[in-house]
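Here are a few notes to read alongside the model.

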Amino acid sequence: MPIDAATMTAAIAPVLLVLALGFAAGRHKSFDDDQVRGLSRLALTYALPAALFLSMAHFSRSNLVAQAPVALVMLAGYSGLYFVLYWLLRLLRRTRLEAALLGYTFASSSVPVFGLTVLTPIYGQETGAAVVGLVALITNLAQVSIAVFLLESAAPGPGERVSIFQSVERSAANPLVWAPVLGGLLSLAGLHLSPLVAEALEPLAAAASGVSIFAAGLVLSAHRLVFSRMVVVGALVVLAIQPAIFFAALKLGGLSGAIPSATVVASAFPTATVAILFAQQYRTAEAEIASIMLLTTLGMVASIPLTLLATAYL
């Protein structure tokens, strides 16, 4: 699809501006730690799930069924890549804990947080929401479950060890997983959401993107930034190698159209905010992961237009 400078600005500028405001607010100590956690919880537990539920519930049934091959590409591109990166990092003599954290950072995506803001101006509400919903489902249910299992099994010290089944169960209880699933099931069943329910959830859903991005800026502001070889390599994996993998998989699969195109663009998004939360929890590679998050967020100014150009060849 043709690139329009005004569309690109409308898609990317709000993310950078709101993220910068959150970062500045964090640097000026406008919010304490409890308030930052509260904003993050509002965004990830209530506002974003409401937005994804409404979007998936209103999605066309025939279009949703047709996206099974795209979902498989996402599963390989996010979770499969995580496994590969984990073992590569182990071969490079990183500890199990570092490999689990850095591998997740390289392979994860901020699409559930930034996706609606960026993809909707480019592809429209239905396509943007469908891709965000699928990515949220796959990354939270599969990728995060794997990450929790690897992190818990590698973490030093006594305590309960979490099995992969427990990790999946906990991830399935995440509203970012079950909310889009519930909306998708309504769509697949041919059921129409009551206008009263939709209107009741709409104000909360409308706050999702802004609150999520602002909270990400607050989280990022709390960490020291470094620029090492690992940080640069990680940013390249996120912004260049992963999109190339998605493009190749979709091209080889003969998949084209708005949703495959949006899937390629989404694969060039910054690393997931939850990566730095994991680093905080396990007190490992915090500066590296925060730096990768910052570098990939700034890098999306180039990666998103370039991947959008590449989708013309799908």
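Helices here are DSSP runs of H or I with at least four residues, numbered from the N terminus. Keep in mind that this is a predicted model.

1. Start with Ile304, which sits in helix α15. Buried or exposed? Ile304 is buried, because its relative accessible area is 0% and the cut-off for buried is under 20%. Setting aside residues up to four places away in sequence, Ile304 touches Met8, Ile12, Val118, Ile122, Val265 and Phe269. Have a look at Ala266 too: it is 38 residues from Ile304 along the chain, yet the C-alpha atoms of the two are 7.9 Å apart.

2. Ser303 is also placed in α15, which covers residues 286-310. Ser303 is buried, with a relative accessible area of 6%. What does its side chain reach? The Ser303 side chain gets to the backbone oxygen of Ala268, at 3.0 Å. Apart from neighbours within four places in sequence, Ser303 is in contact with Leu239 and Ala268.

3. Now for the helix pair, α5 (residues 96-107) and α7 (residues 125-154): they pack at about 165°, and their axes are 8 Å apart. The cut-off for roughly antiparallel is over 145 degrees, and α5 and α7 are therefore roughly antiparallel to each other. Their crossing is left-handed.

4. As for who meets whom, α5 brings Arg96, Leu97, Ala100, Leu101, Tyr104 and Ala107, while α7 brings Gln143, Val144, Ala147, Leu150, Leu151, Ser153 and Ala154. Sorted by class, this contact of α5 with α7 has 10 nonpolar residues, two polar and one charged.

Key. Residues numbered from 1 in each chain as written. Predicted model: local features only at pLDDT ≥ 70, side-chain atom pairs only at ≥ 80, totals over all residues. Heavy atoms only, no water. Helix = DSSP H or I, 4+ residues; strand = E, 2+ residues; numbered from the N terminus. Buried < 20%, exposed > 50% of the residue type's maximum accessible area, 1.4 Å probe, protein only. Polar contact = N/O pair within 3.5 Å; in protein donor to acceptor, adjacent residues only side chain to side chain. Contact = heavy atoms within 4.5 Å. Axes fitted to C-alpha atoms, helices over the stretch in contact; angles between N-to-C directions. Parallel < 35°, antiparallel > 145°, perpendicular 65-115°, else oblique. Left-handed = near helix turned anticlockwise from the far one by under 90°. Nonpolar A, V, L, I, M, F, W, Y, C, P; charged D, E, K, R; others polar.
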